Amino acid sequence: MPDSLRPSYPPPLLGRRRLLRTSVLALAAGALGAGTLGGCGGIALGGPEEYTPPPPGIDDLYRRDLLALLERAIAGAEALTSTSSGGDPALAADLTVLVAALPVQRRALLTGAEQEREVEASEDPDPEATTAPDPTDVPDDLPALLAVLVELRDLAADASRQVSGSLARATSALAAHSAWIALRLRTSSGTGEVPASPSAEDLVPRRDVPATDPPSIGAEEDYRSAIERAQQEEWYAGYVHEVLAARSEGEEREAHLARTELHRARAEQLAAVAEEDGAPMVVRQAVYALPGGQLDEAAAGTLPTTLSQGLLLDHLALTGAAPFERRPLSIAAALAEAELLAGRVDRMDPLPGLVAEDPPPADG
């Protein structure tokens, strides 16, 4: 897992925004002198045996493909921004947000060693060093850029189902932001297509995990607290939308009732999983406290957005803490909340709930 990420703020009830750190163990081989040791077999003279590195693990396989997609998206977004500077202000604003977010997301997927090499190359370039080739198949218009963003969204969601928990926290955040900005650009441009995000049923393992990969073992405390928090917030969201439905009419009322059913269905699914896994089960309450005791018009207008933003972070945290087979519900829920926010907010962190640290300065 790249070590360039840290939680954006300390967790309240749970460690939902804590990023598990991983380290890389480097192997060093010493030279053996000539001779024969009993029971050790022959020793080749003239140098050590050729070292064959282990095959890349599932994290690195997904990281490689996600970085390639990000390179294409960066090149396409920058080109489109420069050519559409005098166009529609809403489209220009969304492109500006995208151009700022993509490099942050790319840097977050780099390992510490990769970041250091890039910093060194930029500050003290080697004239004899080979430069990385420019990305191919760069999107040259809005529909093509949207297609790349959708591909990025879906690949990041697939990765979140199989990679280690610490990397899943970053890839699921990347998927959510891609879902959000793709819909924003579709609306502001009026062109292109954005297919629906994958559902929980769609999120199945798609790649063979190398046999050399160690199992990913997360902290049980994080998982228990994350799934408890998600249940609480889903039950609460269902209640709030029921209250809002009672004071609405027509299509608005039906929309709130649909959200009520959705949130309660998620809460029930999470409770069933918690029961199976021995985690805390949260029982639905008949009444929940509302901000200020009752909803005035201002609170009624802003609370649904606040709920979606909180649920997005809750499900991203649960994705990073949950066992592999328990992640699809929260991955899909995070994507759905991000898409809902596309019509409500014009800003979203490049990696919601996480902060990508600036690259380290080069030595010297």
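## About the model

Because this is a predicted model, local features need pLDDT of at least 70 and side-chain atom pairs count only at pLDDT 80 or more, while totals for chains, interfaces and linings use all residues. Residues are numbered from 1 along each chain as its sequence is written, and side-chain values use heavy atoms, with hydrogens and water left out.

## The overall fold

The protein chain has 9 helices and 2 strands. Both are DSSP runs, numbered from the N terminus: helices are H or I with at least four residues, and strands are E with at least two. Along the sequence, the pattern reads β-α-α-α-α-α-α-α-α-α-β.

Of the 364 residues, 45% count as buried. Here, buried means under 20% relative accessible area, exposed means over 50%, and partly exposed lies in between (1.4 Å probe, protein chains only).

## A look at helix α4

Helix α4 has 21 residues and reaches 31 Å from its first C-alpha to its last, close to the 30 Å expected at 1.5 Å a residue. That expected span is 1.5 Å times one less than the number of residues. Much of this helix is covered, with 16 of its 21 residues buried.

Most residues other than glycine have a negative phi. D137 is exposed, with a relative accessible area of 59%.

## Charged pairs across the chain

How many salt bridges are there? The count comes to 21, where a salt bridge is a side-chain nitrogen of Lys or Arg within 4 Å of a carboxyl oxygen of Asp or Glu. One of them joins R153 and E339, whose closest N and O atoms are 3.9 Å apart. R153 lies in helix α4 and E339 in helix α9 (residues 328-342), so the pair ties together parts that are 186 residues apart in sequence. R153 is buried at 2% relative accessible area, whereas E339 is partly exposed at 22%.

Another salt bridge links R266 and E337, with closest N and O atoms 2.8 Å apart. R266 belongs to helix α7 (residues 250-277) and E337 to helix α9, so this pair ties together parts 71 residues apart in sequence. R266 is buried, with a relative accessible area of 5%, and E337 is buried at 0%. Salt bridges that share partners join E234, R259, R266 and E337 into one network.
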